[in-house]
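Hi everyone, thanks for having me.

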Amino acid sequence: MNFDRQQMLKPTYSVKFSGKEVSAEFKRNITDIEIEESDYEADMARISVMDKDFKFSNQVKLLMKQKAEVVLGYNGKMVIKIVGEVATIEGDFNQEGAPTLVIEIIDNTTTMTKKKKTRKWKDKRASDIAIQLAKEYKFKYSIPQTSTVYDEYTQDDETDAELRSEEHTSELQSPPLS
């Protein structure tokens, strides 16, 4: 099957709030979707929606901490990029054009940065620890078993995100949890 350049580069996306796809009208007014991915912090998405007549600002019930999902792809091959919650909702009243509603979504991994912990693992692989973390946060995961077994591994007054970002636990960093 041959595709021309325009077909190959046809971006597609899906945006959901509280498990429901946004309306076709809302989707038509999305002017930009930005994804910021980080190895050490929670990923973020910013969705800009043209809101010329304040229709969405006045009618769309976007609540802080509302569940959100952003899926991006080309030609129907979609990849979930962000599963999280609405963090901020701002109005942008620029001089160049129509008012814009900017919705910022923070990935669920942000919950890993909220509480410092102290604990020890004995005779565990990095993959065992990563699976335990994923289960604690109810993340979806697919983590291959690693080979190195640590006699003892200590988390000392640090968040789970800090634990995952340590140099010697690089096996905990990949694949990302969501």
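Let's start with Glu152 and Lys122, which form a salt bridge whose closest N and O atoms are 2.9 Å apart. One thing to keep in mind as I go: this is a predicted model. Where do these two sit? Glu152 is in strand β9, residues 149-158, and Lys122 is in strand β8, so their pairing ties together parts that are 30 residues apart in sequence. Glu152 is partly exposed, with a relative accessible area of 38%. Lys122, at 53% relative accessibility, counts as exposed.

Glu136 comes out as partly exposed, at 34% relative accessibility.

Here's another one. Arg46 forms a salt bridge with Glu36, and the closest N and O atoms are 2.6 Å apart. Arg46 belongs to strand β4 and Glu36 to strand β3, so that pair ties together parts ten residues apart in sequence. Both partners are partly exposed: Arg46 has a relative accessible area of 21%, and Glu36 has one of 39%. And how many salt bridges does the count come to? Twelve. If you're new to this, the general idea is that side chains of opposite charge can pair when their charged atoms come close.

Okay, on to the sheet. It's an open sheet of seven strands, paired antiparallel, and the order is β2-β1-β5-β6-β7-β4-β3. At the edges you find β2, residues 20-21, and β3, residues 30-36, each of which pairs on one side only.

Find β7 in that order and look at its neighbours. On one side, strand β4, residues 44-50, is joined to β7, residues 100-107, by seven bridges, and the two run antiparallel. If you want to trace that on screen, Met44 stands opposite Ile106 in β7, and Ser48 has Val102 as its bridge partner. Then there's β6, which pairs with β7 over eight bridges, again antiparallel. In that pairing, Gly91 has Leu101 of β7 as its bridge partner.

So is β7 buried or exposed? Eight of its eight residues are buried, so the strand is largely enclosed by the rest of the structure. You can see this on both faces: Thr100, Val102, Glu104 and Ile106 are buried on one side, and Leu101, Ile103, Ile105 and Asp107 are buried on the other.

The largest has 17 residues, and the ones with the most contacts inside it are Phe17, Phe26, Ile47, Val49, Ile103 and Ile105. At least two residues of this core come from each of β1 (11-17), β4, β5 (67-74), β6 (77-92) and β7. Take Ile103 as a case to click on. Leaving aside its neighbours within four places in sequence, Ile103 is in contact with Phe17, Phe26, Ala45, Arg46, Ile47, Val49, Leu62, Val86 and Thr88. There's also a second, separate core of twelve residues, and Trp121, Tyr150, Tyr153 and Leu163 are among them.

Last topic: aromatic rings. A pair of aromatic rings is described by the distance of the centres and the angle of the planes. A search of the whole structure finds five aromatic pairs. Phe17 and Phe26 make one with ring centres 6.4 Å apart and planes at 85°, so that pair is edge-to-face. Phe17 counts as buried at 8% relative accessibility, and Phe26 counts as buried at 2%. What about Tyr137 and Phe139? Their pair is stacked, at 5.5 Å centre to centre and 15° between the planes. Phe139 is buried, with a relative accessible area of 7%.

Definitions and conventions
Residues numbered from 1 in each chain as written. Predicted model: local features only at pLDDT ≥ 70, side-chain atom pairs only at ≥ 80, totals over all residues. Heavy atoms only, no water. Pairing = 2+ DSSP bridges. Helix = DSSP H or I, 4+ residues; strand = E, 2+ residues; numbered from the N terminus. Core = buried A, V, L, I, M, F, W, Y, C linked by side-chain atoms within 4.5 Å. Buried < 20%, exposed > 50% of the residue type's maximum accessible area, 1.4 Å probe, protein only. Contact = heavy atoms within 4.5 Å. Salt bridge = Lys/Arg side-chain N within 4 Å of Asp/Glu carboxyl O. Phe/Tyr/Trp six-rings, centres within 6.5 Å; stacked < 30°, edge-to-face > 60°.
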